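Me: I would like to work through this protein slowly, asking about its pockets, strands and rings one at a time.

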Amino acid sequence: MASLPRVGWIGAGRMGVPMAGFILKAGYPLSVYSRTAASRQKLVALGGREALSVAECARSAEVIFAALPDDSALREVALGPQGVLANAGPGKIFADTSTVSPEVSAEIDREAAARGVAYVRMPISGNALSARSGDITVLVSGPEAAWRTVKPIAETFSKAQVYLGGGEQARYMKLVVNAVVVSTAQALAEAVTLGRKAGLDWNLMLDTIAHSTIASPWLKAKIALLKPRDFTPTMTPRLILKDIDLMLAAARANHVDMPLTTRTRELWQGLISEGYGEEDYMAAVKLAEKQSGLATDHTD
């Protein structure tokens, strides 16, 4: 029986820790690097081996994953003399789960190809809560042969994997999905505020929405947290705002008008300005309630 490939994991945040934890549980040898020792120790406690630099993590593994917050963090980790691509070596695979722009992704792909490293783009559809239960979907593009190697590893931490093509398709697909999420989140916030203002029972209103024709797994998950008004962050408005900026930049590059997304960006900036930037993004409900003269700390 063939041995399992050695895995490197860079980025031990809300998403990275549970995903890498599933890989360890499946028996893969895993080295982990994160900027802070405390973050690294979360995965060391689960059986991972601590790497003290990106370069060390890249050299130690056959498949190197990254879970990073934005374009600048990915460029820093991927490029340069101490980055993944300079230290992984030809024949290795770099699989990035971050939500980043197609432009920086293409830049990294060019450098990866020049160094003989296969670059698999695999952003995640899901959040920290669904990552902890393995209930996420992996959106994939890049070299198909490399993806066949990565797929068994991805199956340890995800419920579904969708291969979309050989280029930047996964980057665009993530922006498409998130554009629907942010507009739906704002619509839900406004709708339940209207219902509260009109005197509807909070729990009955949310239960009715969850059983209506518009119900979806995302909506049901958010309603389950809205009922007790749990705004523990699964994804913050600050990160959502970053994603919206990626959507709008992609829209400009492709000559697409997105007036709803543009307006939603303004609303999300207001959410941050009002002090909700580190709560879950469904704190949009609180802002809508506040603007409508309703108490934001009620429980029905």
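Me: Which element gives the most to the lining of the second largest pocket?

Reply: Bear in mind that this is a predicted model. The second largest pocket has a volume of about 640 Å³, and the elements that give two or more residues to its lining are S7, helix H7 (128-133), H9 and helix H11 (217-226). Among the contributors to this lining, the one that gives the most, with six residues, is H9.

Me: How many residues line the second largest pocket, and which lie nearest its centre?

Reply: The lining of this pocket divides into 13 nonpolar, ten polar and four charged residues. The pocket is lined by 27 residues, and those nearest its centre are Ser125, Gly126, Asn127, Ser130 and Trp218.

Me: What is the volume of the largest pocket, and which residues are the closest to its centre?

Reply: The largest pocket has a volume of about 860 Å³. Helices that give two or more residues to its lining include H1 (16-25), H3 (54-60) and H9 (169-197), and the lining divides into 16 nonpolar, 16 polar and six charged residues. Of the 38 residues that line the largest pocket, the closest to its centre are Gly11, Gly13, Ala67, Leu68 and Pro69.

Me: Which residues line the largest cavity?

Reply: The count comes to one cavity of 30 Å³ or more, and the largest cavity has a volume of about 30 Å³. Its lining divides into three nonpolar, no polar and three charged residues. The residues that line this cavity are Lys222, Leu225, Leu226, Asp230, Asp280 and Met282.

Me: Which way do the residues of strand S8 point, and are they buried or exposed?

Reply: In strand S8, which covers residues 137-140, Thr137 and Leu139 point one way, while Val138 and Val140 point the other way.

Me: What kind of unit do S8, helix H8 and S9 make?

Reply: Helix H8 covers residues 144-154, and together with S8 and S9 it belongs to one unit. The name for what these elements make is a right-handed β-α-β unit.

Me: Why is the pair of phenylalanine 65 and phenylalanine 157 edge-to-face?

Reply: The structure holds four aromatic pairs. In the pair of phenylalanine 65 and phenylalanine 157, the ring centres are 6.2 Å apart and the planes stand at 80°. Planes over 60 degrees apart count as edge-to-face, so at 80° this pair is edge-to-face.

Me: How many residues apart in sequence are the parts that this pair of phenylalanine 65 and phenylalanine 157 ties together?

Reply: Both phenylalanine 65 and phenylalanine 157 are buried. Phenylalanine 65 lies in strand S4 (residues 63-66), whereas phenylalanine 157 lies in the loop between H8 and S9, so the pair ties together parts whose separation in sequence is 92 residues.

Methods:
Residues are numbered from 1 along each chain as its sequence is written. This is a predicted model: local features need pLDDT of at least 70, side-chain atom pairs count only at pLDDT 80 or more; totals for chains, interfaces and linings use all residues. Side-chain values use heavy atoms; hydrogens and water are left out. Buried means under 20% relative accessible area, exposed over 50%, partly exposed in between (1.4 Å probe, protein chains only). Helices (H or I, at least four residues) and strands (E, at least two) are DSSP runs, numbered from the N terminus. A crossover is right-handed if, with the strands pointing away from the viewer, the path from the first strand over the helix to the second runs clockwise. On a 1 Å grid over the protein atoms alone, a cavity is a set of points where a 1.4 Å probe fits but cannot get out, and a pocket is an open set with protein on both sides within 12 Å along at least five of seven lines; lining residues have an atom within 4 Å of a point. Grid points are joined across faces, edges and corners, and a volume is the space filled by probe spheres set on the points. Ala, Val, Leu, Ile, Met, Phe, Trp, Tyr, Cys and Pro count as nonpolar, Asp, Glu, Lys and Arg as charged, and the others, Gly among them, as polar. Rings of Phe, Tyr and Trp (its six-membered ring) pair if their centres lie within 6.5 Å; planes under 30 degrees apart count as stacked, over 60 as edge-to-face and the rest as tilted.
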